[in-house]
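Biologist: Please show me the model, and then let us go through it by question and answer.

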Amino acid sequence: MAENTIKVRIKFAKYGAVKFIGHLDVMRYFQKAIRRAGIDIAYSGGFSPHQIMSFASPLSVGHTSEGEYFDIEMNSFPSEEEIKNRLQTAMVEGIDILAVRKLPDEEGNAMASVAAASYLVGFREGCQLPEDWEERLKDFYAQDVISVVKKTKKGEKELNLKESIYELAIREIPDNSLMDGMGRRNGVYMLLNASSGGNIKPSFVLDTFFDSLGVTLPEFGLLVHRIDTYKNIGSEQERKLVPLIWEK
Amino acid sequence: MRKLALSDEILMQVEKPARYIGNEVNSVMKKKNEVQVRFAMCFPDVYEIGMSHLGIQIIYDMLNQFEDVWCERVYSPWVDLDAIMRKEHIPLFALESQDPIKEFDFLGITIQYEMCYTNILQVLDLSGIPLLSKDRSEEDPIVIGGGPCTYNPEPFCDFFDLFYIGEGETQYRNLLDLYKECKRKKESRREFLKKAARIPGIYIPSLYDVTYKEDGTIDERIPLEEGIPMTITKELVTDVSDTYYPKKPVVPFIKVTQDRVVLEIQRGCIRGCRFCQAGQLYRPVRERSLEMLETYAVEMLENTGHEEISLSSLSSSDYSKLPELLDFLIEKCDERKINISLPSLRIDAFSLDVMNKVQDVKKSSLTFAPEAGSQRLRNVINKGLTEEVILEGSRLAFEGGWTRVKLYFMLGLPTETPEDIRGIAELSNKIAAVFYETVPKEKRNGRVQIVASTSFFIPKPFTPFQWAPQCTKEEFLDKAYQTRTAITSQLNQKSIKYNWHEADVSVLEGILARGDRKLNQAILRAYEKGCMYDAWSEYYKNDIWMETFEECGIDISFYTTRTRGDDEIFPWDFLDCGVTKQFLLREWHRAQGESATPNCKMQCQGCGAARFQTGICMEKKGE
């Protein structure tokens, strides 16, 4: 870590055509945007210095979001407002800077801080849902144990999915949402474990649910939108989740 | 928000969907009802290749500076999307508006290498534009071809309505004004093309007929309209410091081949290597001013956010203000943590010093392009690089800490003998020996790594070797085998790695490069039989090509291995690239006499380019 730098967290939204840009390319995009915006970012040492930048949680290709975060370190700090405005002028359609926050020195980096993420999931045309799917989903969530096998890098692992679902509810997708053409239809709201060791994808939850009904959705049937990404300011036992940028 | 031409379901299925969504930084959006001309600019290969091409960026920027024009981009859909579009009847679209290409006024296709000819047909086909110019209606876009391959447009002329010969900066305004006028007067497509044929640099293939002699060579070209030129002279920018150049090039989301700011420092080359087409086509050499390059470098870096800048030219070491430019760039780039990449520098004390400043010596390698293994053959090809210079450059480099050397050679050059081929191995060996002499044992970190690569020589139009026979595939492979054997018999063979190019594809490239109008039907047929992305070895279908030539009654040796007589009329002779045929013939004879020719800076050879009254031709000669 460079000395005497200021830690800054940036929150952004991603929607429309750019939802097809993968995580690594989004990082490259921001590296270039920071240069275009003339942000006084700190660089690492060495022969090929790179910007000190760390992303909270990768978003899958095809998903939209209004709760993406990354941290940078800066050599000088004009103001949150100015950084936000300068960055916003360097954006393309579909990526908006939502907030900029100077962080206290002791704040952990964005990636390590992530504890959970909330999602709204819609169903595209072509998804043949059972008439009573909403009731059945409530029953599914009411179980104490939802036993699943999760594929990990090391192999397969059995776990209780219920422990990783912090909230689940049927929710109407608002008309003005970033989820194209989904307005006014019912979708599924979920708050899921998104920590580096226990990340659960919203599609995994719904695939598990529909599997239990014997229903198979089309391959790209789900439209996933991330609402926000959270850190835990409570304890292991008693979670208190707040967005990565929040007002005390 | 823009609506994409492809559904989410399709975009999720294909590899790298970002190839098809547009919306990149600096891509230009206009309102279609506020422009009068819609131009789709195409590079007929995959996005990452097409987006790396400077020429399109220049034309795109220029056309979009015209208020009445909206220029958009289109590339070849990759094979996965290609299959989906055919199956689901989705028309090819432009990246910016996502509108079908068929709705455009113009489709401009840049043709940079022979192996993309079938992709031209892919783009037309997916767009729903008839493949043959003669079958197109008033509703279809005017299909324009440009780029280096259009210096012999005849093998694919049936697919184009119009060719623009030469540098794009000069005549597009006139061409578009003529188009608007014809549209206003409700004149037909044919009427527009007939009038366009009178604009300098514009070639309308359908307005000429060609007759052949019994031996298959050209007898005569017959213009089918009164008042159209018999010879079409290339277009050229006379003042390269006061012209169009993009200050805000498009920045792709995904990693492309050329993922950096590209600063073209000059056009043309003084060297006159006899195998090199670019060295003749872009004469005379014209330098951009230092002031222009400094201004553009800074603005382009600011407008793109790229972390690297690269100098582009055929031979950067020949740029007269190179030290000043590099000093400027090193200073500017150091404060912004920007990398400088320096291709095509001659290896000497100066360039090693510069490279030492801008690159990590341990990670980079040095490149020499001797092109031929012996001094005799280097004289034949007029490559003024001597063994002494290569060995001295290597010695300096090894002293400076470099341990990797790349060497480029060609096999199958005119007059080549087994001794010349052995020379490749011997030169590689000598460079390795220089390393072991120069670097004491205790300072070595393993062996020196020398990579010798050979490509097969393919004679190209408008070069002194346009008369030369090309080798057969068997001869090519035998030469590669001889090279390999010679390398393995060297003392330092363990330090030398040898790579060679595919022979099949070199034969096809040779056929297409010096082809005539008779090849149109074969290219069309090969495409119909599934050939596409021929430049990608995994999709290259040599059997289908060879079978197609046979079906079409085309003898490939007529185009490749045949020696052309001094007085033969070539398919491309009606084009004037600035360099005269007499000059090229003189050079061909000098090559056979193994005699080198001084470069443009040393002494004017009267190639013909001086008539453009610009660049090196206007400077005093002699050093």
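Biologist: How many salt bridges does the rule find across the interface of chain B and chain A?

Modeller: This is a predicted model, in which local features need pLDDT of at least 70, side-chain atom pairs count only at pLDDT 80 or more, and totals for chains, interfaces and linings use all residues. Residues are numbered from 1 along each chain as written, chains are lettered from A in written order, and side-chain values use heavy atoms, without hydrogens and water. A salt bridge here is a side-chain nitrogen of Lys or Arg within 4 Å of a carboxyl oxygen of Asp or Glu. Across the interface of chain B and chain A, the rule finds seven.

Biologist: With which residue does Glu9(B) form a salt bridge?

Modeller: The closest N and O atoms of that pair are 4.0 Å apart. The partner of Glu9(B) is Arg124(A).

Biologist: What area is buried between chain B and chain A?

Modeller: Buried area is the accessible area (1.4 Å probe) that two parts lose on being put together, summed over both. Carbon and sulfur atoms give 63% of it. In chain B, Met1(B), Met12(B) and Phe253(B) lose the most area to chain A, together 25% of what that side buries. The total between the two chains is about 2600 Å².

Biologist: How many residues does the contact take from chain B and from chain A?

Modeller: Contact means heavy atoms within 4.5 Å. By that rule, the contact takes 32 residues from chain B and 25 residues from chain A.
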